[in-house]
Amino acid sequence: MKSKHLPKSKNSKHITSSSYMLSNAHNKLYILPLILIISILPLIMYLHEFDSGLSGFSWYPKSSEQFDIFLYCKQIFFITVCFFMLLLIFWKVFIEKKTVKFLPIFIPLSLYGFLAFLSTLFSDYPSLGFRGIAEHFESIFVILGYCLVVYYAYLFIDSEDDIKFVLKYFIIGILIIMILGILQATGNDFFATNIGKKLYLPKKYWNQLDAFTSTLGFKRVYMTLYNPNYVGVYVSLIIPFLAGLLLTEKKAKNILIYLITILGLIFCLMGSESKAGFFSLFIALLIILIFYRKYIFRNIKITLFVIGISITIIISFKSTVLSTFNKVFSNMNILAWQKAEFSLTDIKTKDALTITYKDNNLVINQDISDENIIVFIKDSRGKNIETTIDANTGTFTIVDERFSGITVAPVVYDSILCVQVNIEGRNWVFSNQLGDDTFYYLNYFGKFDKINKAESSLFTGYEKFVSGRGYIWSRTIPLLKENIVFGSGADTFTTQFPHQDYVYRTNMYYNDQIMTKPHSLYLQIGVQSGVFSLIAFLVFFIAYFISSIKIYINGRFDNYFKRVGVAIFIGVVAYMVSGITNDSTITVAPIAWTLIGIGIACNYKVKEQISNEILKA
């Protein structure tokens, strides 16, 4: 029997088109969570009051009541979106019976997340890891969410239309946050207005709006990201990405949008005064010159136009530009490897106070006889130190040239007899009247505590390196050997940092600060998730970078997947560079991880296309 071809229906084309539209709309539903993360999440601000749970530590303020405007609600929003992502993956696998894909690159990513989870589960402070900590709010659920977002983006980004759909709303989100930044840079902070304050404050505070003011300084840009340094991280991620799209764009409308956005973000970066942001962009520029070498000179009109616009802006805002660059680069000696010199290097709070000053030891003791305070001042050999005394105040002034200018005086604090030592204009208050006959130091927060000199490494003696980060890093690196397999747990860095290192904290003007982060993404992961987790993290990114370099190094970006893929790659490289001096933060990291997921999806699609081309050949 001969088969007969059925006649084509007149409505076949319409049915096919409708099916495509239905399928496209269906996939957009899956992509919506990605848009919520990269476009909406950065804009979220709302007051949250909470108990830090840290007041029990001797180095922490007595009051544990705190409030947050920028971070907590972002965390809740992100975790909620990730929960719906899990539901959508479940629906795809078990309801739609679709096969999910898994690439080898996700193995180290999964290991990173798994070790971070175990570190938090077995942490000494698991409650902090599961809920997040003040000034950070990057709980274990957030970290696991980062891993999920990467896989989710790879799983559901399937076509050029999907990427265009995401980027459309991503650009809108960038423009909104850019405008807010420009307003701040020009002294017109929207969030300093009553309308702006009412958006992030509960109604009960509307009658005291004047009490809520920024402490960052006039015209300092923070956008909605909490910290000007995070503006630098955000801009270093976004500008290279947009610059890559600009160099391969052909539509005049899109070129104009990218150009305006880039220039606006540069203006915001100047207002933030983030040195790390400028450095990261410089590295990104070098990479752009390598990967886009063919496009920069091919699109010479665009290149010259960008240069011309930049020069015009610099001339128009000359005073602002010069002022910003002066602030940013006047202290470039922070990068110089110069030894930090401190006169006061140690104080031992034992049976007697032993103060190491200019490499000499001053020993002070205190005794009480018939309600009179007797102060003994000697050197390390037990020899009395020559002093003069003020009969009215009882203050001893040391005459000995080894400790010249140091004064010692009996004082009373909260009915406790103490001794106050003034060293180079700074008052140090101690007491041995707390029950065990040893000395305790009265810290900035009004608590008596022991002074314990912290172990240091690598940056020892160079604590002023990179705006004081040398100190934080030198005291953080030794913590790594205690967190090899498992770390201390998510958001627990503040419990690990040696806050009792009061002498050097005071030398570095950190005595009034609580260290909640190490100011380095890599040290942050190493301490909190463990060194093994850090290695897995680095293996994941190295694999992504190697894959991207192999695909894009030829500088031929002839389809949309390549255009977006290489742009994301360069943006992520700049983001990772900024991570050397900045931490992971809920304000920017979700965007970076989402882009990484999209970048992996682009790489996978390009590899598929290359394989198909080889098969056809």
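1. Strands here are DSSP runs of type E with at least two residues, helices are runs of type H or I with at least four, and both are numbered from the N terminus.

2. On the basis of the values: the model is predicted, residues are numbered from 1 along each chain as its sequence is written, and local features need pLDDT of at least 70, while side-chain atom pairs count only at pLDDT 80 or more. Totals for chains, interfaces and linings use all residues, and side-chain values use heavy atoms, with hydrogens and water left out.

3. The protein holds 20 helices and 13 strands. Of its 617 residues, 54% are buried, meaning under 20% relative accessible area, with over 50% called exposed and the range in between partly exposed (1.4 Å probe, protein chains only). Contacts between residues at least 6 apart in sequence join residues at least 24 apart in 69% of cases, a contact being heavy atoms within 4.5 Å.

4. E8 and E9 belong to an open sheet of seven strands, ordered E7-E8-E9-E10-E11-E12-E13, with antiparallel pairing. Strand E7 (387–390) and strand E13 (448–449) are the edges, each pairing on one side only. As background, strands of a sheet pair through backbone hydrogen bonds, either parallel or antiparallel.

5. Within this sheet, E9 (residues 407–413) is joined to the antiparallel strand E10 (residues 416–423) by seven bridges. Tyr413 has Ile416 of E10 as its bridge partner. The two strands form a hairpin with two residues between them, and Asp414 in the turn has a positive phi of about 50°.

6. A hairpin is also formed by E10 and E11, again with two residues between the strands; here Glu424 in the turn has a positive phi of about 55°. E10 pairs with E11 (residues 426–431) over five bridges in the antiparallel sense, and Ile423 stands opposite Arg426 in E11.

7. Where is Ser431 placed? Ser431 is in strand E11, and is buried, with a relative accessible area of 0%. Apart from residues up to four places away in sequence, Ser431 touches Gln366, Ile416, Leu417, Cys418, Thr438, Phe439, Tyr440 and Phe448.

8. An open sheet of four strands has the order E3-E4-E5-E6 and antiparallel pairing. Its edge strands are E3 (344–349) and E6 (372–379), each of which pairs on one side only. The twist from one strand to the next averages 20°. Strand E5 (residues 360–369) pairs with E6 over eight antiparallel bridges, and Leu362 stands opposite Asp379 in E6.

9. Turning to helix packing, helix H3 (residues 106–121) and helix H18 (residues 531–552) pack at an angle of about 155°, with axes 8 Å apart. This makes H3 roughly antiparallel to H18 (over 145 degrees; under 35 is roughly parallel, 65 to 115 roughly perpendicular, the rest oblique). Axes are lines fitted to C-alpha atoms, for helices over the stretch in contact, and angles run from 0 to 180 degrees between N-to-C directions. H3 passes H18 in a left-handed crossing, that is, with the near helix turned anticlockwise from the far one by less than a right angle; clockwise is right-handed.

10. On the H3 side, Pro108, Leu109, Leu111, Tyr112, Leu115 and Ala116 meet Phe532, Ser533, Ala536, Phe537, Val539 and Phe540 of H18. These contact residues divide into eleven nonpolar, one polar and no charged (nonpolar: Ala, Val, Leu, Ile, Met, Phe, Trp, Tyr, Cys, Pro; charged: Asp, Glu, Lys, Arg; polar: the others, Gly among them).

11. Helix H5 (residues 140–156) and helix H20 (residues 589–616) pack at about 35°, with their axes 7 Å apart, and their crossing is right-handed. H5 contributes Tyr146, Val149, Val150, Ala153 and Tyr154 to the contact, and the H20 residues include Trp593, Ile596, Gly597, Ile600 and Tyr604. By class the contact has 13 nonpolar, two polar and no charged residues.

12. Thr261 lies in helix H9 (residues 252–272). Thr261 is buried, at a relative accessible area of 1%. Its contacts, leaving aside neighbours within four places in sequence, are Ile174, Leu175, Met178 and Leu242.

How values were computed
Pairing = 2+ DSSP bridges.
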